[in-house]
Amino acid sequence: CSIALSDYDSARQSQNPDLALEVKNGVNALLAHQFTANTAATTETTTPWSSLLTSQPISFTAQGTGEVSVNLGMTFTPATISLTPVYRGISVEKKISSYDKDTQTFSEKPVFSANAGDLLQVTIQVTTADSLNDVQLVDLLPGGLEAVSDPGSSSMSPYFGYWWSVFNDKRVKKDRVTWTGAYVHAGTHSVTYQVRATTSGSFRLPPAKAFMRDSPEMMGLSRGGSFFISRDLSAESPEVRIVSVGTYTATVNLYGTQEMRMEQLRSYQTLLAVPQPCPSECSGQGTCDQETGECSCDIGFSGADCSIAEGTTISTEVISPNDITAFIRTASPITPSPTPSPSSTTDALSSASGKKPIVSALLVFAALIALLH
């Protein structure tokens, strides 16, 4: 491979380039660099999204001899943490539970507060309706928690007569824990790991994220929220609330600022709620709110299942054997087009469909065959 790349570089003169590269967004220059054999091998720049002209394309211009490779990427950081889960083909749920020293087990009840020094367990559940390849699971840690180097656990699945761990490649870092699943079959899978509360204070609780590395649009986020760590929770003055969801009722303690207490209350409510499916899974063109079962459509799409592209209208006319031209009237722009006349069927169909006459004639021929059958 290295020999082939060397031959390629020699043929393309990229070993000794002499060219000027300019990357522009409209009239704004994003990157300008002169590449020669004596300059650095790479150069990079970062531009805030707010400085981009979103209505203008990004253009690349190179003048000279040789060749350079350009990599354009985007780093996305949400301005706020969503208190509801995000579903785009993968459902992700996350729970933090406390350790009971008497029973030496972790409780089933979720917690959003702890004493400094407490041992906690994080459980993440991933559900997919389809079998997926190369799935990455990432859980960012809030500022006051540190991951413990415990083996943790991952659900097991049968594969060709053997039982194996679905998310078997676990990596613990200072700010996150990641797993990789080479093959995640349809169903529900879970992972656990332990953390230690180290610093007292109020912290944002980031969501856990699962996504396909080859198709990152297939993804899901758990609900976010807040986490409160105290030197002594018994000395705090929590707000005691009763949470009722369906037939389940629980008494919870809320800590921190008033905003954080409302977030904790909302988190308790959504954790106890049963996820509601969205129609057609929002057609892959929107985000499913699993609390309400409603779709939030992407820009350019509308409808209960986000299946209607904005700027189009759907015809509901009935096709009759005597009106072959009606066959061509399906989804069409809102702007009205002239009605074709029987005397100029070919020209009218060509105008209505935007195709050449020969293509329109083939469509009419197909319509006749369909009607005769």
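What is the handedness of the disulfide of Cys282 and Cys295? The torsion about the S-S bond of this pair is about -95°, so the disulfide is left-handed.

The model shown in these views is predicted: local features need pLDDT of at least 70, side-chain atom pairs count only at pLDDT 80 or more, and totals for chains, interfaces and linings use all residues. Residues are numbered from 1 along each chain as its sequence is written, and side-chain values use heavy atoms, with hydrogens and water left out.

**View 1. The disulfide of Cys282 and Cys295.** The sulfur atoms of Cys282 and Cys295 are 2.2 Å apart, and the pair is one of 2 disulfides in the structure (a disulfide is a pair of cysteine sulfur atoms within 2.5 Å). Cys282 lies in the loop between α2 (258-272) and β23 (286-289), and Cys295 in strand β24 (residues 294-297), so the pair ties together parts that are 13 residues apart in sequence. Helices (H or I, at least four residues) and strands (E, at least two) are DSSP runs, numbered from the N terminus. Both Cys282 and Cys295 are buried (buried means under 20% relative accessible area, exposed over 50%, partly exposed in between; 1.4 Å probe, protein chains only).

**View 2. The disulfide of Cys297 and Cys306.** Here the sulfur atoms of Cys297 and Cys306 are 2.1 Å apart. The torsion about their S-S bond is about -90°, so this disulfide is left-handed. Cys297 is partly exposed, with a relative accessible area of 26%, whereas Cys306 is buried at 0% relative accessibility.

**View 3. The open sheet β2-β1-β3.** This sheet has 3 strands in the order β2-β1-β3, with antiparallel pairing (two strands pair if DSSP finds at least two bridges between them). Its edge strands, β2 (28-35) and β3 (58-65), each pair on one side only. Neighbouring strands are turned by 10° against each other on average, direction ignored; axes are lines fitted to C-alpha atoms, for helices over the stretch in contact, and angles run from 0 to 180 degrees between N-to-C directions. Strand β1 (residues 18-25) is joined to β3 by 8 bridges, and Glu22 has Thr61 in β3 as its bridge partner.

**View 4. The open sheet β7-β20-β17.** Pairing is mixed in this sheet of 3 strands, which has the order β7-β20-β17. At its edges are β7 (113-115) and β17 (201-205), each pairing on one side only. β7 pairs with strand β20 (residues 225-230) in the parallel sense over 3 bridges, and the bridge partner of Ala114 in β20 is Ile229.
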